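Please look over the sequence and the structure shown below. The briefing that follows goes through them topic by topic.

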Protein chains: 4
Amino acid sequence: MTVRHEVRVIFGDTDQMGIVYYANYYRYFEGARAAYLREQGRSYKDMHEWGVALPVVESHCKYLSPARYEDELLVHTEVTQIRGASLRFEYRITRGETLIVEGYSVHACVYPDTGRPRRIPPELKALLGD
Amino acid sequence: MTVRHEVRVIFGDTDQMGIVYYANYYRYFEGARAAYLREQGRSYKDMHEWGVALPVVESHCKYLSPARYEDELLVHTEVTQIRGASLRFEYRITRGETLIVEGYSVHACVYPDTGRPRRIPPELKALLGD
Amino acid sequence: MTVRHEVRVIFGDTDQMGIVYYANYYRYFEGARAAYLREQGRSYKDMHEWGVALPVVESHCKYLSPARYEDELLVHTEVTQIRGASLRFEYRITRGETLIVEGYSVHACVYPDTGRPRRIPPELKALLGD
Amino acid sequence: MTVRHEVRVIFGDTDQMGIVYYANYYRYFEGARAAYLREQGRSYKDMHEWGVALPVVESHCKYLSPARYEDELLVHTEVTQIRGASLRFEYRITRGETLIVEGYSVHACVYPDTGRPRRIPPELKALLGD
């Protein structure tokens with residue numbers, strides 16, 4: 001399942017090269033992760049109820065074409081891997097037909113209090129489409 | 001005329017107090033300024049064609065109630081003052097009935113090349129509803 | 001008492017105008033507030049021990065001259081007002097002889113748990129030079 | 001050659017988990033890249049004179065241990081690969097003995113005007129220690 005999430009580039013996202021600053025795509029990714037869960041009637045807040053936190057343990061981005069001020073971008077998000085105690089989101093950001101960036105984030109599944117790894121609970125697995 | 005612009009709070013906008021970091025409301029204000037112009041079929045890009053830049057010369061914000069992760073905020077934007085070579089935007093951000101912040105920004109009207117002050121051109125004045 | 005705090009402008013602080021984005025000066029102000037307390041052998045973490053939180057209730061900035069990539073800025077910070085349950089920091093940012101911005105922030109003094117206003121404790125007052 | 005660059009975590013860098021937001025490490029990386037060049041008496045501004053721009057084409061980070069407010073971090077930066085028209089910076093961020101994150105960025109070497117790839121000029125190669 002792919003969830004699409006729209007982002008509008010603001011001035012504050014650009015840098016003096018006139019393009020979106022490289023770190024800010026990770027902000028767009030994060031907004032898209034939240035949208036992914038909302039799309040299924042959920043939010044990161046539910047995670048807490050389920051005794052789960054999903055800290056990022058790895059992130060990656062390839063920059064293919066620059067995005068600019070006022071661009072309307074589409075972030076396409078998928079969960080591509082669900083392991084015992086980790087999962088992986090993949091993202092592609094497009095403007096029309098143009099591929100802007102692609103990237104991923106890997107998340108550990110941990111107990112919120114102790115930060116120790118735990119198995120992904122079945123409710124979350126179901127939610128993420130596995 | 002008041003233009004309403006929606007913002008969804010992301011994780012990256014919050015700080016360790018669990019609320020939106022005070023500087024980030026100015027990012028929301030800026031997104032709302034752009035929305036204000038778009039609403040009238042314009043963008044900051046047009047400014048350039050008109051030989052106008054609108055640098056911020058002053059900004060202000062009062063924090064009345066904290067906004068939190070995943071909040072859906074509404075930024076209400078108005079132009080409240082158009083002088084010879086400056087103008088003022090006012091903003092109120094609400095979540096439902098709750099007033100979160102209110103603020104303003106004052107902008108000089110300048111020539112983009114030299115940065116020297118110039119009168120607001122009539123097209124822009126008309127656009128801003130004066 | 002004025003505390004001086006150095007900031008180096010990074011690429012990510014600039015926007016497509018080639019200058020520091022207006023909201024980012026508030027980040028510099030905040031870094032300078034922390035430096036102010038450190039200068040006296042304290043940190044915001046101590047506030048917590050004293051049963052105090054100092055949320056920002058108002059912020060303001062005047063932009064006088066643009067700062068650019070790689071600029072070495074100096075933030076000059078003072079506490080200019082200590083009331084019963086609020087205080088005010090004032091900031092000037094300079095690059096050499098040039099005044100870049102000046103601004104202030106007003107903070108409420110509250111109980112961290114309830115968020116209700118409380119008198120500034122004497123230890124904090126002493127610290128802030130009153 | 002490894003260049004060390006100090007960063008102090010500000011409030012605005014943290015998120016509601018009470019730790020540094022994952023995207024912000026890329027800001028620290030960028031500040032460290034600039035420091036790397038400064039260490040050799042250069043700056044990104046010189047690049048322009050040499051007819052070179054170094055846009056990021058890939059970035060990556062592994063999060064090993066969280067950093068928190070007021071932490072004094074050390075970013076250790078190295079150039080680990082110089083190819084015909086690209087180069088790679090590697091970063092490790094530590095707090096005392098603790099490894100916080102490690103990551104890298106890959107940069108294309110291009111003509112600033114056209115954005116087309118070009119060979120890394122010898123002056124730059126020498127600078128980067130090859």
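In this predicted model, strand β3 (residues 72–82) of chain D pairs with strand β4 (residues 86–95) of chain D in the antiparallel sense, over 8 bridges. Within this pair, D:Ile82 has D:Leu87 in β4(D) as its bridge partner. Strands of a sheet pair through backbone hydrogen bonds, either parallel or antiparallel.

**The sheet**

- β3(D) and β4(D) belong to an open sheet of 10 strands, with antiparallel pairing.
- The order of the strands is β1(A)-β3(A)-β4(A)-β5(A)-β2(A)-β2(D)-β5(D)-β4(D)-β3(D)-β1(D).
- Which strands lie at the edges of the sheet? They are β1 (3–8) of chain A and β1 (3–8) of chain D, each of which pairs on one side only.
- From one strand to the next, the twist averages 20°.
- In chain D, β2(D) and strand β5 (residues 98–108) run antiparallel and are joined by 7 bridges.
- D:Tyr63 has its bridge partner in β5(D), and that partner is D:Val101.

**Where the sheet passes from chain A to chain D**

- β2(A) pairs with strand β2 (residues 56–63) of chain D in the antiparallel sense, and 5 bridges connect the two.
- Which residue stands opposite A:His60 in β2(D)? D:His60 of chain D stands there.
- A:Cys61 has D:Ser59 in β2(D) as its bridge partner.

**The interface of chains A and D**

- In this interface, 12 residues of chain A are in contact with 12 residues of chain D.
- On the chain A side, α1 (24–38) and β2 (56–63) each supply at least two residues.
- The element that gives the most to this side is β2(A), with 8 residues.
- Sorted by class, the side of chain A that touches chain D has 7 nonpolar, 2 polar and 3 charged residues.
- Of the interface residues of chain A, 100% are also interface residues in chain D, so the copies meet through the same surface.

**How chain A is related to chain D**

- Two copies of a chain are related by a rotation about an axis and a shift along it.

**Chain A and chain B**

- Chain A can also be laid on chain B, by a turn of 180° and a shift of 0.0 Å along the axis, with an RMSD of 0.0 Å.
- For this rotation axis, A:Val7 is the residue of chain A that comes closest, at 5.2 Å (C-alpha).
- Between these chains, 10 residues of chain A are in contact with 10 residues of chain B.
- α1(A) gives the most to the side of chain A that touches chain B, with 4 residues.
- The residues on this side of chain A divide into 3 nonpolar, 3 polar and 4 charged.
- Here too, 100% of the interface residues of chain A are interface residues in chain B, so the copies meet through the same surface.

**Chain A as a whole**

- How many helices and strands does chain A have? It has 3 helices and 5 strands.
- Read from the N terminus on, the elements of chain A run β-α-α-β-β-β-β-α.
- The radius of gyration of chain A is 15 Å, close to the 14 Å that the globule rule gives for 130 residues, so chain A is as compact as a globular protein of that length.
- The C-alpha trace of chain A spans about 45 × 25 × 20 Å along its principal axes.
- As for burial, 38% of the 130 residues of chain A count as buried.
- Among the contacts in chain A between residues at least 6 apart in sequence, 65% join residues at least 24 apart.

Terms used
Residues are numbered from 1 along each chain as its sequence is written. Chains are lettered from A and ligands numbered from 1 in the order in which they are written. This is a predicted model: local features need pLDDT of at least 70, side-chain atom pairs count only at pLDDT 80 or more; totals for chains, interfaces and linings use all residues. Two residues are in contact if their C-beta atoms, placed from the backbone, lie within 7 Å. Two strands pair if DSSP finds at least two bridges between them. Axes are lines fitted to C-alpha atoms, for helices over the stretch in contact, and angles run from 0 to 180 degrees between N-to-C directions. Copies are superposed by least squares on the C-alpha atoms of residues with pLDDT of at least 70 in both. The radius of gyration is taken over C-alpha atoms; the globule rule is 2.2 Å times the number of residues to the power 0.38. A residue is buried if 20 or more other C-beta atoms lie within 10 Å of its own, exposed if 12 or fewer, and partly exposed in between; C-beta atoms are placed from the backbone. Ala, Val, Leu, Ile, Met, Phe, Trp, Tyr, Cys and Pro count as nonpolar, Asp, Glu, Lys and Arg as charged, and the others, Gly among them, as polar.
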